[in-house]
Amino acid sequence: MMTHLTNVTKVPNAWIFLEPVDPVKLSIPDYFDKISHPMDFGTIKEKLGQHKYLNMKHFLQEVELVFSNCFQYNDENSPVTAMGRSVEEEYFRQCVQLNVAFYITDAD
């Protein structure tokens with residue numbers, strides 16, 4: 001899981017998702033009104049280090065939450081959405097390459 005996350009964070013536009021959104025710094029005071037479950041790659045990496053993920057499915061759901069939040073908050077034509085789409089494409093490409101579906105069971 002850590003390798004998969006590390007590879008995704010190396011994508012050129014991934015820097016925007018490396019730490020939690022700071023609504024004050026970014027002048028977006030309504031962020032937490034629109035996003036009830038914020039997530040970022042830094043938090044995911046921390047949780048991996050603390051063994052907080054019980055299975056692959058939970059890990060993947062949180063990675064995908066990063067993208068979902070991005071698309072939910074930002075306008076379809078915004079540069080941030082475009083950045084999110086490029087990182088998401090690489091994420092899904094790597095999921096296929098790593099055959100992550102193999103590691104997800106019905107029990108997950």
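Tutor: Before we start, contact here means heavy atoms within 4.5 Å. Also keep in mind that this is a predicted model.

Student: Okay! Which residues in α3 meet α4?

Tutor: Look at helix α3, residues 41-49, and helix α4, residues 56-73. On the α4 side, the residues are F59, E62, V63, V66 and F67. Meeting them from α3 are F41, I44, K47 and L48.

Student: And how many nonpolar, polar and charged residues does the contact of α3 with α4 have?

Tutor: Sort the residues by class. The contact of α3 with α4 has no polar residues. What it does have is 7 nonpolar and 2 charged residues.

Student: Is α3 roughly parallel or antiparallel to α4?

Tutor: Start with the axes, which come within 10 Å and cross at roughly 165°. Angles over 145 degrees count as roughly antiparallel. So α3 is, relative to α4, roughly antiparallel.

Student: Now α1 and α5. At roughly what angle do their axes cross?

Tutor: Helix α1 covers residues 2-9, and helix α5 covers residues 79-98. Their crossing is right-handed. The axes come within 9 Å, and the crossing angle is roughly 145°.

Student: Q94 is in α5. Is Q94 buried or exposed?

Tutor: Check the relative accessible area of Q94, which is 5%. Buried means under 20%. So Q94 counts as buried.

Student: Leaving aside its neighbours within four places in sequence, what is Q94 in contact with?

Tutor: Q94 is one of the α5 residues that meet α1, along with V87, Y91, C95 and L98. Once those sequence neighbours are left aside, the contacts of Q94 are H4, N7 and V8.

Terms used
Residues are numbered from 1 along each chain as its sequence is written. This is a predicted model: local features need pLDDT of at least 70, side-chain atom pairs count only at pLDDT 80 or more; totals for chains, interfaces and linings use all residues. Side-chain values use heavy atoms; hydrogens and water are left out. Axes are lines fitted to C-alpha atoms, for helices over the stretch in contact, and angles run from 0 to 180 degrees between N-to-C directions. Helices (H or I, at least four residues) and strands (E, at least two) are DSSP runs, numbered from the N terminus. A crossing is left-handed if the near helix is turned anticlockwise from the far one by less than a right angle, and right-handed if clockwise. Buried means under 20% relative accessible area, exposed over 50%, partly exposed in between (1.4 Å probe, protein chains only). Angles under 35 degrees count as roughly parallel, over 145 as roughly antiparallel, 65 to 115 as roughly perpendicular and the rest as oblique. Ala, Val, Leu, Ile, Met, Phe, Trp, Tyr, Cys and Pro count as nonpolar, Asp, Glu, Lys and Arg as charged, and the others, Gly among them, as polar.
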